Structure formats: structure tokens, C-alpha cells
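Thanks, everyone; I would like to take a few minutes on one protein chain. Please have a look at it first, and then I will go through it.

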Amino acid sequence: MHARKRYNDIFRAQLPPITPHVCRHTYFSNQARAGMNPKTLQYLMGHSDISITMNVYTHLGLDDAKQEMIRLEELNQARKEIKKASGNKPVKQNLFRVI
């Protein structure tokens with residue numbers, strides 16, 4: 001924290017206090033925004049209860065919900081395009097034949 005104090009003594013634009021715990025919250029929020037599975041996050045954070053992970057560490061808001069809805073709409077549009085392009089035929093799952 002000494003570097004932050006020295007910086008704040010010199011410059012008008014002040015740096016806020018940043019602790020390892022603040023970094024922990026930031027890490028979690030960034031991973032959640034990236035779509036990491038909540039149970040994986042629970043494990044990485046070392047929480048015994050998922051409610052702690054989801055209720056204490058999640059700092060997501062309206063913008064995040066809006067982005068998620070846009071992502072889902074784009075996914076649905078892509079599925080429609082694939083269905084349209086394939087002529088409603090099922091996509092062949094096995095690409096290799098066993099000889």
C-alpha cells in the first residue's frame with residue numbers, strides 16, 4: 001500500500017484502496033461474466049456453499065443481464081440459420097466410418 005500512498009501524495013487523481021479481497025471479488029465477477037460454471041467458481045473460490053459464491057461475490061447488474069439476453073438471441077438466430085441451411089435434415093453426428 002506504500003506505492004498507493006506515495007502516488008496519492010503526488011497526484012490529484014487519487015487511487016482507491018485496493019486489497020487482495022477486492023481483487024478476489026473482481027476475479028469472480030470477471031469469470032462469471034465470461035460464462036464460467038458457478039459450481040466451478042464455487043470450487044475455485046473455496047466456498048462450501050454455493051449461496052456464498054452467488055450472493056456475496058457476484059457483482060453483476062442490468063448491463064450484464066442485457067448482454068446475456070443478446071447472447072441468447074444471437075444463439076437462437078444461429079440455430080435457425082443452421083436449421084434453414086440444412087433443409088430441416090438432422091446433422092450427421094458420426095463423421096468417421098469404422099472400417
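I will start with the chain as a whole, then turn to one helix, and finish with a pair of aromatic rings.

Please keep in mind that this is a predicted model. The secondary structure of the protein chain comes to 5 helices and 0 strands, so that, as the DSSP runs are defined, the elements read α-α-α-α-α from the N terminus on. Of the 99 residues in the chain, 11% are buried, and the accessible surface comes to about 8900 Å², with 60% of that belonging to carbon and sulfur atoms. If we take the contacts with a separation of 6 or more, 36% of them are between residues 24 or more positions apart.

Now to helix α2, which covers residues 20-33. Which residues of α2 are buried? They are His25, Phe28 and Ser29, and because they cover an arc of only 95° around the axis, they sit on the same side of α2. These buried residues pack against α3 (38-45) and α4 (50-56). Just after α2 comes glycine 35, with a positive phi of about 95°.

Last, the aromatic rings, where the count comes to 1 pair. The partners are tyrosine 7 and phenylalanine 11, whose ring centres are 4.6 Å apart and whose planes are at 35°, so the pair is tilted. Tyrosine 7 counts as partly exposed, at 30% relative accessibility, and phenylalanine 11 is also partly exposed, with a relative accessible area of 42%.

Terms used: Residues are numbered from 1 along each chain as its sequence is written. This is a predicted model: local features need pLDDT of at least 70, side-chain atom pairs count only at pLDDT 80 or more; totals for chains, interfaces and linings use all residues. Side-chain values use heavy atoms; hydrogens and water are left out. Helices (H or I, at least four residues) and strands (E, at least two) are DSSP runs, numbered from the N terminus. The expected span of a helix is 1.5 Å times one less than its number of residues. Buried means under 20% relative accessible area, exposed over 50%, partly exposed in between (1.4 Å probe, protein chains only). The arc is that of the directions from the helix axis to the C-beta atoms. Contact means heavy atoms within 4.5 Å. Rings of Phe, Tyr and Trp (its six-membered ring) pair if their centres lie within 6.5 Å; planes under 30 degrees apart count as stacked, over 60 as edge-to-face and the rest as tilted. Accessible areas come from the Shrake-Rupley method with a 1.4 Å probe; for residues, only the protein chains shown count as cover.
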